[in-house]
Amino acid sequence: MLRTFRRLSQGFFLLLFIYLIVTATYPLETLLPREIFLRFNPFLAFVVMVSARVFLAVLPLFAFAGITILLTLITGRSFCGWVCPFGTTLDVFDFGFRISDFRIRCSAFPSGAPLGRFRKVKYLLLTVLVVLALFGVQAGGWFDPLSLATRTYGLVFFPFTDWALKAGLGALARVPVLGHVFAPVHDFLHDQEIHYVFRNTVFRFSLGFLLIFGLILALQLYQQRFWCRALCPLGALLGLLSRWRLLGLEITQDCTDCKLCEKVCPVGAIEDRKISPVECIQCYTCVEECAAGAIKVRFGQPASKEQVLPVLPERRAVIKSVALGALLTPIFGLNLARREERARLVRPPGARDEDGFLDRCLRCGKCMKVCPNNALHPTLLEAGLAGLWTPRLIPRIGCCQVPCAPESHETTNLCAQVCPSGAIRKLTYEERLKTRMGTAYFDKSRCIPYVEQKNCGKCEEHCPTKAIKFRRVGVELGKPVQEGVVAGAPEVREVDVPYVDQTLCIGCGQCEYVCPVEGEAAIRVGRTQNYVAIPAP
Amino acid sequence: MPRTKLMSDRIDRREFLRRGAVAGAMLSGLRLVGCGKKDGDAAPVEPPAVTTQPQPMTPNPNMVAVATGADAVLNTRKVVELLGGMKNFVHRGDLVVVKPNIAWNRPPDRGANTHPEVVRAVVVMCLEAGAKEVKVFDRTCDNAEMTYRTSGIREAAKEAGASVVYVKDRFFKETKIPGEMLKSWPLYTEALDADVFINVPVAKTHNEAVLTLAIKNLMGIMGGERGKIHRHIHQKLADVITRVKPHLNILDATTTMFRYGPQGLSVNDLEKTDTIIAGTNAVTVDAYAARTLPFRLKVEDPLEMVEYLQNASRMGLGEVELAKMKVIKASI
């Protein structure tokens, strides 16, 4: 019975999670914030607050995390067992492995692994991440399960499925006979007013994210819920809060020592007739599987200390982790990318100054998913190691639409509306027109008027602030454009050559997006040389 | 009882090859029926022998109807009435395509798109004349879903009873164009094959084409990389008109954008002209508008600057001299 409730709860939260991902798109007219799951996360709240050294401003964003903490203090790691969409995803794949005999056929993996071998790793990882945060490096976003799930579903599963749906229906719509059936289906999905599907989005490094997920999945073949028991820092934090959980489990005298519970526990929380409150995810599988009915749910602290399975790492390991965290700090300051790549790092509109941005950004990819123009993509090394997977604009793939939220919204940038940690500031329409993301510059060796001495003007047409202007010059045909050549002479033609008024350019990237030159555009957006951060409210 | 084959049963090499061959044949078969082909691969579509070139419904292509007044809807209805009424163009059971200018993610007061009330009036008239279906679409410049919504055209057209749709890849087919420079281009077949094609542009200046009126609005049914049209745009626009001939052009000059067109920077770039201009020949409509609307071109003869009209006139595609047009005016 309990197990059924649990499965229903897991199903509900996973479907809700997926729904929030799929519907995180224009026009974003919703009551429930699309990023609500991340706001319930106390681990992310903690690392953001510590590394940014900001408490009061960040607290309201993560107020719901208090609910998670309260829930954990009372019911232990029930979040892991009943809510976490990443855990549920792993369970779904696990189910798939089991019914297809996949796990058994992968004989490369030992099946009789000691249950608790890697348990301590997650606590040590948590320690390292906390120490890094203390030193000002927010690395939690890479390892957090909700962030992982948001990235994987939003930047991998959704776009691939969406593409397959569109390509499949599109192809079938063209087939002579079947087309009459599939064309209306394709057209219905294409023309729907709120464009949830057929978004034509593709994300840089999505195959990388798929591989990472695949790796975590491969670890499942070794042990069920390997991520949860060995690696998850959120699980480790919730585990630490679960030591004195009120709603627990105890193994009574009826136990026949058959060790069935040890085998069926998905996280290996039972050993030697003892259950660890720190590992147990309240799934109640043991309660229902126990043939003797010896495992009971109890309210209050366990009768004796021997009931509790000790799992936490020894002091020495913790100290080593602290040292590791401290040693890793300078590595994250490394800037390994070439200067040209770093000069093209353009952040989303309303992004904080780079340091504050890196402290807050959860690397969750929600802003990338919501961007209606598919303009935001994860960085790799352009922002340094510390900036891995933070969002940047790639104008050749998509440009920033000003405004991108419907008129009914006061906030005009959708990316800011879904950012859980406020790394991207919300802007009104007036503020948006004055917020500089970057500055455009011409590459005169590629621009058509400069090179071919013919008018073009596509960039000026699309510029929303009319920052691109023209100078009419006379050119001698076949010679590079020079000022001072007199127009009207027989070999001379007039050409309108463009230039950027840098006081007006907001770096939205429309120009680079539409530039008709093949390959690299003749006008590009780069990091503004004199970046002025928006003053704090 | 024979054991059913499970996925986990190992197959031998022969079976594997057999299955692979069958799968490969099926995939190739799909190719035969045209899946996976991009529009560029297909041979250009010839205009069919029986002419689907729309014949002008009114006898005189040089006729231009103009209505001025405070109410854009009344103006729109008036110009159509002056041209013989919508029944002159739309017959019972027709499939009508209304192609407004839905280009920029700007609200109606910015004059960057056709005014939604004008679109609504056109749709209503078509349905009143007995159209079976009225489709409204355009290939936008900005993000399509935003542009359709912010411009107000999606809501107005839908309320009036039109099918508001986005442009779809499979309807762009490479089409031969008897132009001087443009020989073929992917054009939208839903527009070309419709029973009635009504072009509803808005009056604006344009940095490259100088003006964007009825002819430039037809770029909305062009596929491919339209940025390439910008080179020698004045000849290519005239070339488009050799192949694409809307049955009716209704130019929305409720406001005239005279600066920073075709997007416009603010409402200060608009002059309130409260006019609607209509005609069956896009060249004539454009020439009339170029000569009479306040575009502030700073030349005596606007056609000096608007080279695409010079080209169209030279190619015999329409009348550009005011004296030779039959202008019918109404003031409301």
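**View 1. A salt bridge links Glu193(A) to Lys158(B).** Their closest N and O atoms sit 2.9 Å apart. A salt bridge here is a side-chain nitrogen of Lys or Arg within 4 Å of a carboxyl oxygen of Asp or Glu, and the rule finds nine of them across the interface of chain B and chain A. Keep in mind that this is a predicted model, where local features need pLDDT of at least 70 and side-chain atom pairs count only at pLDDT 80 or more, while totals for chains, interfaces and linings use all residues. A few conventions: residues are numbered from 1 along each chain as its sequence is written, chains are lettered from A and ligands numbered from 1 in the order in which they are written, and side-chain values use heavy atoms, leaving out hydrogens and water.

**View 2. Chain B meets chain A.** Here 39 residues of chain B are in contact (heavy atoms within 4.5 Å) with 47 residues of chain A. The size of an interface is often given as the accessible area lost when the parts come together. For this pair, the buried area (the accessible area, 1.4 Å probe, that two parts lose on being put together, summed over both) is about 3,600 Å², with 48% of it on carbon and sulfur atoms. Glu145(B), Arg149(B) and Arg170(B) supply 17% of what chain B buries against chain A, more than any other three residues.

View 3. A disulfide is a pair of cysteine sulfur atoms within 2.5 Å, and the count over all chains is zero. Cys463(A) is buried at 8% relative accessibility; buried means under 20% relative accessible area, exposed over 50%, and partly exposed in between (1.4 Å probe, protein chains only).

**View 4. Phe198(A) and Arg225(A) have positive phi values.** Most residues other than glycine have a negative phi, and most peptide bonds are trans. Phe198(A) has phi near 60° and is buried, with a relative accessible area of 3%. Arg225(A) comes in at about 50° and is buried too, at 1%.

View 5. Pro262(B) lies in the loop between strand E10 (248-257) and strand E11 (270-279) of chain B; strands (E, at least two residues) and helices (H or I, at least four) are DSSP runs, numbered from the N terminus.
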